[in-house]
Amino acid sequence: MKNIECAGLTLGNTQALTLIAGPCQLESAGHAEMIAGHLKEACAAAGAQFVFKASFDKANRTSLSGQRGIGLDAGLKVLQHIKETLKVPVLTDIHSPEQCAPTAEVCDILQIPAFLCRQTDLLLAAGQTGAVINVKKELQYVKKALTLLMSTSLHQNLPFYMKP
């Protein structure tokens, strides 16, 4: 198993536990900072690494009345604030190829939601950013995604971590 270096953390099966956590969707900078601060403190006390995760858009809602989040621009501003203020890596979901480049400018890790792990254009655009990619799906479904990500010039020689 290879390790992945990301924003000052070393991620891998032989490393300290890494907790990826945060609110399901971003609501405000204050709310995100409060949650991230508590999680950072708890992880430090437990000897765990911490990555703040929150979504600017929950595009997979099944109800039209469900809250979706604060949107790309506002969401990236909040994530940048968390990253700079609390000095923690940040992760968010991406849903379209157009979101990949601007999100990679702020976020340390781009996450491909489970239902989008077969979207070729999204995977290629994410891979072309050079960011660390987390494909949120079981290993049996990740093989195609991994092949597409590794085909991009920026990810040919990078290690990948896949949850067993």
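**Figure 1. Confidence along the predicted model.** In this predicted model, the mean confidence is lowest in helix H5 (residues 139-150), at 65, and highest in helix H3, at 97, where confidence is the pLDDT, the predictor's value for each residue from 0 to 100. Over residues 156-164 the pLDDT is below 50, and this stretch has 20 contacts in the model beyond near neighbours in sequence, a contact being heavy atoms within 4.5 Å. Across the protein the pLDDT averages 84, and 77% of the residues score at least 70.

**Figure 2. The order of helices and strands.** The protein holds five helices and seven strands, which are DSSP runs numbered from the N terminus (helices H or I, at least four residues; strands E, at least two). Read from the N terminus on, the elements follow the order β-β-β-α-β-α-β-α-β-α-β-α.

Figure 3. Ala 104 lies in helix H3, which spans residues 97-106. Ala 104 counts as partly exposed because its relative accessibility is 22%, and that class lies between buried, under 20% relative accessible area, and exposed, over 50% (1.4 Å probe, protein chains only). When neighbours within four places in sequence are left aside, Ala 104 is in contact with Leu 110, Thr 129 and Ala 131. The C-alpha atoms of Ala 104 and Gly 130 are separated by 8.0 Å, although these residues stand 26 apart along the chain.

**Notes on the views.** Residues are numbered from 1 along each chain as its sequence is written, and side-chain values use heavy atoms, with hydrogens and water left out. Because the model is predicted, local features need pLDDT of at least 70 and side-chain atom pairs count only at pLDDT 80 or more, whereas totals for chains, interfaces and linings use all residues.
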